Amino acid sequence: MKFIHVAAAVIRRNGTVLICSRPPGKPPAGWEFPGGKIESGETPAEALRRELREELALKATILDPIFEITHQTEDATIRLTFLRCLIGAAAVPVPCEGQEYRFIRPEELRDCGLLAADRPLADFLVG
């Protein structure tokens, strides 16, 4: 069984949080917090900075980890580290892989089609 370590961003703006759809053709379909796999030799912050730049053309200041879970699928064990991030007030995500993005209120996270691995963070954010 594979082990995958993922870093994901929690980016808030005016009472909302940023989520992205999975890129077309990359299962599973649904919405998630932006981020991606941590590559060998990277810290979660370094990986997240790289992923945000590659996937959304965003320059982010990575702050601190706020939540971590382990999610089991049929094929892999996925460890997700969620980090608070800041982007400029005028920064606009540019989906580089054909995905969509939305800023939604935290209470909408439970009903937006969020992937199973990201739902525990939604519960944490909503309280």
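I began with the lining of the largest pocket, to which strand S1 (2-13), S2, S4, H1 and strand S6 (76-86) each supply at least two residues. I took helices (H or I, at least four residues) and strands (E, at least two) as DSSP runs, numbered from the N terminus. S1 gives the most to this lining, with four residues.

I note that this is a predicted model, in which local features need pLDDT of at least 70 and side-chain atom pairs count only at pLDDT 80 or more, while totals for chains, interfaces and linings use all residues. Residues are numbered from 1 along each chain as its sequence is written, and side-chain values use heavy atoms, with hydrogens and water left out.

**Entry 1. The pocket**

I looked up the space in the largest pocket and found about 790 Å³. A pocket, on a 1 Å grid over the protein atoms alone, is an open set of points where a 1.4 Å probe fits, with protein on both sides within 12 Å along at least five of seven lines; lining residues have an atom within 4 Å of a point. For the volume, grid points are joined across faces, edges and corners, and the space filled by probe spheres set on the points is taken.

I recorded 32 lining residues, of which Val6, Arg22, Pro28, Glu32 and Ile78 lie nearest the centre of the pocket. By class, the lining has 15 nonpolar, six polar and 11 charged residues. Here Ala, Val, Leu, Ile, Met, Phe, Trp, Tyr, Cys and Pro count as nonpolar, Asp, Glu, Lys and Arg as charged, and the others, Gly among them, as polar.

**Entry 2. Arginine 22 and glutamate 32**

I counted 11 salt bridges, each being a side-chain nitrogen of Lys or Arg within 4 Å of a carboxyl oxygen of Asp or Glu. The side chains of arginine 22 and glutamate 32 form one of them, at 3.5 Å from N to O. What does this pair tie together? Arginine 22 lies in the loop between strand S2 (16-21) and strand S3 (31-32), and glutamate 32 lies in strand S3, so the pair joins parts that are 10 residues apart in sequence.

I then asked whether each partner is buried (under 20% relative accessible area), exposed (over 50%) or partly exposed (in between), with a 1.4 Å probe and protein chains only. Glutamate 32 is buried at 14%, whereas arginine 22 is partly exposed at 23%. Apart from neighbours within four places in sequence, glutamate 32 is in contact (heavy atoms within 4.5 Å) with Ile19, Cys20, Arg22, Leu114, Leu115 and Asp118.

**Entry 3. Arginine 50 and its network**

I next followed a network of salt bridges that links Glu39, Glu42, Arg50, Glu51 and Glu54. Arginine 50 and glutamate 54 meet in a salt bridge at 3.3 Å, N to O. Both are in helix H1 (residues 44-56), and being four residues apart, they are separated by about one helical turn. Arginine 50 counts as buried at 11% relative accessibility, while glutamate 54 is partly exposed at 42%.

Leaving aside neighbours within four places in sequence, I found arginine 50 in contact with Lys37, Glu39 and Glu42. Glutamate 39, another member of the network, lies in the loop between strand S4 (35-37) and H1 and is partly exposed, with a relative accessible area of 48%. I also looked up its C-alpha atom, which is separated by 9.0 Å from that of valine 6, 33 residues away along the chain.

**Entry 4. Glutamate 108 and arginine 105**

I noted a further salt bridge between glutamate 108 and arginine 105, with the closest N and O atoms 3.8 Å apart. Glutamate 108 is partly exposed at 32%, and arginine 105 is partly exposed at 44%.

**Entry 5. Backbone geometry**

Most residues other than glycine have a negative phi, and most peptide bonds are trans. I therefore looked for departures from this rule. The peptide bond from proline 27 to proline 28 is cis, with omega near -5°; proline 28 sits in the loop between S2 and S3.

Asparagine 14, which is not a glycine, has a positive phi of about 50°. This asparagine is in the loop between S1 and S2 and is exposed, at 78% relative accessible area. Alanine 57 likewise has a positive phi of about 50°; alanine 57 lies in the loop between H1 and strand S5 (61-72) and is partly exposed at 44%.
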